[in-house]
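Here is a short briefing on charged side chains that pair up. Have the sequence and the structure ready.

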Amino acid sequence: MSWYILAVVPVLGLLVFVHELGHFIAAKWAGIRVDEFAMGFPPNIVGFRKRERGGWEVLWFGRGSSVMDTSNIQNPFGNASDVPTAPPTRTLYSLNLLPLGGYVRMVGENGDAVDENGRYDEGSFAAKTAGKRIIVLCAGVFMNFLLGIALFTIAYGLGEPMPTPTAVIGTVQANSPAAVAGLRTDDTVVAVNGKAVKDFNAMSTAVTQIINADKGKNDHIPIHLTIRRGQQGGTQEVIVNARTHPPQGQGYMGVGAKVLTMHYPLWEAPFRGIAHTFDFIHQYLSIIGKMIIGAIQPQFSGPVGIAQVTQSVAEQTPVVGWWPILSLTAALSLNLAIFNILPFPALDGGRVFLVLVEILRGGKRLKPEREGLINLVGFALLLVLMIVVTVSDLMHWNG
């Protein structure tokens with residue numbers, strides 16, 4: 001494990017922040033009172049809230065001088081941050097210990113913020129029209145969608161890494177079989193064990209097939225490479241004793257492909273970013289459809305799996321630039337958007353579905369207790385799925 005795995009913290013933090021910011025902005029626009037904007041789940045570390053008379057108060061570890069009514073918190077962990085305070089009229093911005101997500105806690109999310117006459121608090125979520133509630137619920141997904149476009153646009157603006165049309169070596173790991181054999185950067189591999197290869201991927205495939213054919217009988221396997229060095233017209237033979245069990249990230253021979261950076265005019269980057277976003281969404285939905293009909297086996301990754309992928313991608317940044325990490329973050333943002341809009345209880349899409357049911361019933365709402373139960377069951381199922389996926393990711397760590 002390398003320190004690059006810590007890159008998952010700003011990557012996921014950005015996705016969560018942007019998603020919750022969407023809900024927050026939409027809630028403020030709709031005139032809904034927001035009690036708390038939180039990053040992470042409890043226990044609370046620190047909270048900030050603007051004072052009525054100006055300035056800011058800081059609440060450490062949920063400490064305060066008075067008690068806050070938390071009876072209407074729609075949060076699977078119960079009391080959101082346990083930050084004591086007076087009945088909130090200003091938003092509490094809190095940072096919590098468990099980095100598993102975040103939330104925007106609005107008054108009346110459960111539909112139970114009513115006065116003694118049974119009327120909704122005019123500043124509550126429940127008091128707003130169905131249209132406004134749908135906008136607030138979809139705002140997080142919309143922001144993740146915009147973030148995906150923005151990150152792909154930035155990635156194209158900085159330059160897209162492109163492989164060379166031939167099998168040109170870009171990096172040679174120190175003390176690797178390739179280095180021992182005398183391979184150098186900018187050497188072009190034209191054949192592997194006498195079989196011609198057209199590009200680096202073809203070369204890697206050929207080497208992998210040779211290693212797999214040995215079935216682990218040897219620690220090193222001699223591979224005959226035909227290379228062309230520099231501008232010389234002729235070729236020469238090199239024997240590389242490839243490792244069957246190489247260190248993580250080095251490959252069997254210890255070489256990497258040479259990458260060229262394709263730069264685009266600044267005006268073109270947004271169009272490419274938008275096109276890339278819609279292409280990703282189309283492919284993602286196609287994969288979901290194939291999973292549903294059983295055409296492909298369902299595959300999921302939790303925080304552990306995402307951390308592994310992020311580490312691997314972050315390690316490439318010093319070599320190929322910002323494209324990999326920006327593209328991964330954009331893809332995760334779109335993934336989060338699509339997943340959240342699915343009509344499943346406890347997700348944004350599930351809550352939108354309940355509002356649509358309300359519209360179809362002529363404005364008749366589900367009882368708060370029933371809606372809360374539906375969301376609780378959905379959250380429990382999601383929690384079980386996350387545990388199963390996390391255990392699977394841990395079992396396959398570096399596997």
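**Salt bridges in the predicted model**

Lys-258 and Asp-186 join their side chains in a salt bridge, with N and O 2.8 Å apart. A salt bridge here is a side-chain nitrogen of Lys or Arg within 4 Å of a carboxyl oxygen of Asp or Glu. By this rule there are 10 salt bridges.

This is a predicted model, in which local features need pLDDT of at least 70, side-chain atom pairs count only at pLDDT 80 or more, and totals for chains, interfaces and linings use all residues. Residues are numbered from 1 along each chain as its sequence is written, and side-chain values use heavy atoms, leaving out hydrogens and water.

**A partly exposed pair**
- Lys-258 is partly exposed at 30% relative accessibility (buried is under 20% relative accessible area, exposed over 50%, partly exposed in between, with a 1.4 Å probe and protein chains only).
- Asp-186 is also partly exposed, with a relative accessible area of 39%.

- Within it, Arg-105 pairs with Asp-35, and their closest N and O atoms are 3.5 Å apart.
- Arg-105 is buried at 3% relative accessibility.
- Asp-35 is buried too, with a relative accessible area of 6%.

**Another buried pair**
- Glu-109 and Arg-351 form a salt bridge through their side chains, at 3.3 Å from N to O.
- Both Glu-109 and Arg-351 are buried.
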